[in-house]
Amino acid sequence: MEIGITTFVENTPDPVNGNLLSPQERLSNLLEEIELADQLGLDVFGIGEHHRSDYLVSSPAVVLAAAAVRTKNIKLSSAVTVLSSDDPVRVFQDFAHVDLLSKGRAEIMAGRGSFIESFPLFGYDLKDYDTLFTEKLELLLDINRHERVSWDGKHRPAIENRGVYPRPYQDELPVWIAVGGTPASVVRAASLGLPMALAIIGGMPDRFVPFTDLYKETFKSAGHDSAKFQLAINSHGYISEDSQKAADEFYGPYAQVMSKLGRERGWSPMSREHYEMMREPQGSLLVGSPQQVIDKILYEYELFGNTRFLLQFSVGTLPHKKMLHAIELLGTVVAPAVKKAVAKQTSAGEQQ
């Protein structure tokens, strides 16, 4: 199993003193976090795209390009690219640059977007939410597979036998489909034979089993090579030396962000009681000691058989030193233990 980190690069006030980092300092901290993840042998680092004041990165490829020249091995992904409101030609070109700079470590995680600010910003109508993604994904995949493209659609001017450059270092850029639990999105990813990243940020993880089962069944029935099957689980989490310390350090920033989003979307504010419920062994929040996080990743592996697990540490801005420490614990304690356990299970299964 691959283990990695995602971030939306939020820049929110410290819930204790109200201090806010400058955008320059927050991005500088981010690059240091990516460098550390690479040095510790973590597999993936993903950066989200947003177009609002509380998140700093509107163009993941720009930041990933900076990370590409400061890292050696870690895969660099968007998490996600809001493909519906972007131009697939430009998306491909931007990530081809990241791929060249990193010598083949770039990935695109494409999604429809759970935030909608980019749609009016770039002149798209939300009534076209579904068709925009379907059409633009089709074009992106075509560009990824063919140097020269002829294409005609509804939401973008036609392309007539044009080359799209530069080409990436890899033969093709890995393109993942990010879903939040919509069956149609699951079927789309599986039917196309594309890796799927499933976000589990609330409720109980076991309720998502029907979605991963649907993905596996559709992937197989569509005739795709089972050896290419890839499934990622993306979750919120944080690690410290012991459970109580982790819970106390993460709650303030996390509750601040989730309560703000709740006001925007009609959810209830995040209470400490609900937070602690989500931290239970079968809850969706991976906040605790290294052993607690190991146990929960392995619990979800038993549920889903996933090939990748991505933790979003910085739901709200945490002190930089604490972030680095959490990354260190993930890389030195959690990831090795999870990989050892998964390898043991895999070996035992092959022998049966």
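1. Start with the helix pair α2 and α3. In this predicted model, helix α2 (residues 60-68) and helix α3 (residues 88-102) pack at an angle of about 5°, and their axes lie 8 Å apart. Angles under 35 degrees count as roughly parallel, so α2 and α3 are roughly parallel to each other. On the α2 side, the residues that meet α3 are Ala 61, Leu 64, Ala 65 and Ala 68. Their counterparts in α3 are Asp 94, Phe 95, Val 98, Leu 101 and Ser 102. By residue class, the contact of α2 with α3 divides into seven nonpolar, one polar and one charged.

2. Next, the charged pairs. Side chains of opposite charge can pair when their charged atoms come close. How many salt bridges does the structure hold? There are 18. Take Glu 2 and Arg 308: they form a salt bridge whose closest N and O atoms are 2.7 Å apart. This pair links distant parts of the chain, since Glu 2 sits in strand β1 (residues 2-7) and Arg 308 in strand β12 (residues 308-312), 306 residues apart. Are the two partners buried or exposed? Glu 2 has 18% relative accessibility, and the cut-off for buried is under 20%, so Glu 2 counts as buried. Arg 308 is buried too, with a relative accessible area of 1%.

3. Arg 308 also has another partner to look at. Its salt bridge with Glu 107 puts the closest N and O atoms 2.9 Å apart. Glu 107 belongs to strand β5 (residues 106-111) and Arg 308 to strand β12, so this pair ties together parts that are 201 residues apart in sequence. Glu 107 is buried as well, at a relative accessible area of 3%.

4. Arg 52 and Asp 54 meet through their side chains in a salt bridge, 2.7 Å from N to O, and both residues are buried. The two also take part in a network of salt bridges that links Arg 52, Asp 54, Glu 117, Lys 260 and Glu 264.

5. Back to β12, the strand that carries Arg 308. How many of the residues of β12 are buried? Five of its five are, so the strand is mostly covered. Arg 308, Leu 310 and Gln 312 point one way from β12, while Phe 309 and Leu 311 point the other way. As for pairing, β1 and β12 run parallel and are joined by five bridges; Thr 6 stands opposite Gln 312 there. Strand β10 (residues 231-239) is likewise joined to β12 by five bridges, again running parallel, and the bridge partner of Ser 235 in β12 is Leu 311.

6. Arg 26 deserves a look. Where does Arg 26 sit? Its place is in helix α1 (residues 23-39). At 3% relative accessibility, Arg 26 counts as buried. Leaving aside neighbours within four places in sequence, its contacts include Glu 10 and Glu 33. The contacts of Arg 26 also include Thr 7, Val 9, Asn 11 and Leu 21, along with Leu 56, Ser 314 and Thr 317.

7. On to a loop residue, Asp 128. Asp 128 lies in the loop between α4 (118-121) and α5 (129-145), and it counts as buried at 13% relative accessibility. Which residues does Asp 128 touch, not counting residues up to four places away in sequence? The answer is Lys 154 and His 155. Asp 128 and His 155 are 27 residues apart in sequence, and their C-alpha atoms are 9.1 Å apart in space.

8. Last, strand β6 (residues 148-151). Val 149 and Trp 151 form its covered face, whereas Arg 148 and Ser 150 make up the uncovered one. β6 pairs with strand β7 (residues 159-163) in the antiparallel sense over three bridges.

Notes
Residues numbered from 1 in each chain as written. Predicted model: local features only at pLDDT ≥ 70, side-chain atom pairs only at ≥ 80, totals over all residues. Heavy atoms only, no water. Salt bridge = Lys/Arg side-chain N within 4 Å of Asp/Glu carboxyl O. Helix = DSSP H or I, 4+ residues; strand = E, 2+ residues; numbered from the N terminus. Buried < 20%, exposed > 50% of the residue type's maximum accessible area, 1.4 Å probe, protein only. Pairing = 2+ DSSP bridges. Contact = heavy atoms within 4.5 Å. Axes fitted to C-alpha atoms, helices over the stretch in contact; angles between N-to-C directions. Parallel < 35°, antiparallel > 145°, perpendicular 65-115°, else oblique. Nonpolar A, V, L, I, M, F, W, Y, C, P; charged D, E, K, R; others polar.
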